[in-house]
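Could you walk me through the aromatic side chains in this model? I have the viewer open and would like to know what to select next.

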Amino acid sequence: MATEINVNGAATSSDWQDRYYHVDQILDRPGPRTDPSFLAGDEVKDFLRNKCKILVIGAGGLGCEILANLALTGFKDIHLIDMDTIDISNLNRQFLFRPADVGRPKAIVAAEYVMKRVPGVMVTPYYGKIQDKGDDYYLQFNLVICGLDSVEARRWINATLVNLVDPENPESLKPLIDGGTEGFKGQARVILPTVSSCYECSLDMLNKPTTFPICTIANTPRLPEHCIEWASVLEWPRARGDEKLDTDDPEHIGWLYSIAVARAKEFKIEGVTWSLTQGVVKNVIPAIASTNAIIAASCCNEAFKIATSSAAYLNNYFMLIGTEGVYSYTFEHEKRDHCPVCGGEALEISISRDWTIEQLIELLTEKQNIQIKKPSLATPGKPIYFQQPPQLEEATRPNLEKKVLELVPDGGEVVVTASTLPFSLSLIVTYI
């Protein structure tokens, strides 16, 4: 259940002499890359340490690093949101947690730990979902940093911050700094809602989940992953019937592992392990602590530059590739005119005249630059198919088998929505 808690060990306001000596070297005088609006001296230091309010979303591997960096840099009013509890598998890289914390909310434990170790810092945790909070909550912050592992959550906060912007009120623009890691790869980016490209603009850059053809899995497996997929996709429903596979249940993972090992032995394939089995069925990519540290440092560096104007901030995308050495580069990702969040223009799609509504929905789910799960469709005048509520889903279900051409004329508009996303996508449909 979502809870907002005043944690133990409230922050103290005591600062010792030269506590921020190294940070003050940057803030006491302008430099060659200083923003023209930078005002060196006590005013900027007072804003950073006493007035700037920052929100961190996510208290996992990346979030722990971000939280510690911000506190040690001089940010003293930090709010933290996370909906997860601590699992024993988190302890190898999420360094704010200890074995005794297993089962407790990440946000609360992380806040307690940072306030205990860094005097003067106040971390206000919220154990719950970002969707629980309204516009007024997000408007109170000077900037937002995301350390999330969920594309859906990133899309939600991105759209929410874009929707908050009021052209008549400059204070309504809340910079979003987004960090993400995937094994030895990572990225950090600065998003100025409505000004620069948003997260939705770059959706087509996301890697597609790895899938294996069923015929390969069933008949000619060559990789250990093929054997694991065979066990989970084909053997589980055959042997276990309607029992739902729980990827967090050790007994279920153990069953899949033993079946996959037997399959691998039959085809003389090596490499099936317990951890690989768990990774394949949960689509887990191993988290690398050093990658988290680098990306968190980049995110916090940008937060410091934006908060103080002491240097030019990133414009607007930093990429780290650590798979074969250490390589990084930056580039400016451009806005998409037909971005449903910040672009304003409708997206044109061409489909066959024989396509059904069900096929169109499948396209919207899988198309790289759309990726809307469980989309609901409507024309400006009438519903086509709604996923919710159940009564409306049942009433519009017969349309799934109808051809799109029967319901939408050539060049007609279709409005796509989803309950998980706070925006709508406008499609212009043409037929080929």
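## A tour of the rings

Eight aromatic pairs are counted here, where rings of Phe, Tyr and Trp (its six-membered ring) pair if their centres lie within 6.5 Å. This is a predicted model, in which local features need pLDDT of at least 70, side-chain atom pairs count only at pLDDT 80 or more, and totals for chains, interfaces and linings use all residues. Residues are numbered from 1 along each chain as its sequence is written, and side-chain values use heavy atoms, leaving out hydrogens and water.

Start by selecting Trp236 and Trp255. Their ring centres are 5.3 Å apart with planes at 90 degrees, so the pair is edge-to-face (planes over 60 degrees apart; under 30 is stacked, and the rest are tilted). The two residues are 19 apart and link distant parts of the chain: Trp236 sits in helix α8 (residues 224-240) and Trp255 in helix α9 (residues 250-266); helices are DSSP runs of H or I, at least four residues, numbered from the N terminus. Trp236 is buried at 4% relative accessibility, and Trp255 is buried at 18% (buried is under 20% relative accessible area, exposed over 50%, partly exposed in between; 1.4 Å probe, protein chains only).

Next, pick Tyr329 and Phe331. With centres 5.8 Å apart and planes at 25 degrees, this pair is stacked. Tyr329 is partly exposed at 33%, and Phe331 is partly exposed at 23%.

Finally, select Tyr137, Tyr138, Phe141 and Trp156, which ring pairs link into a cluster.
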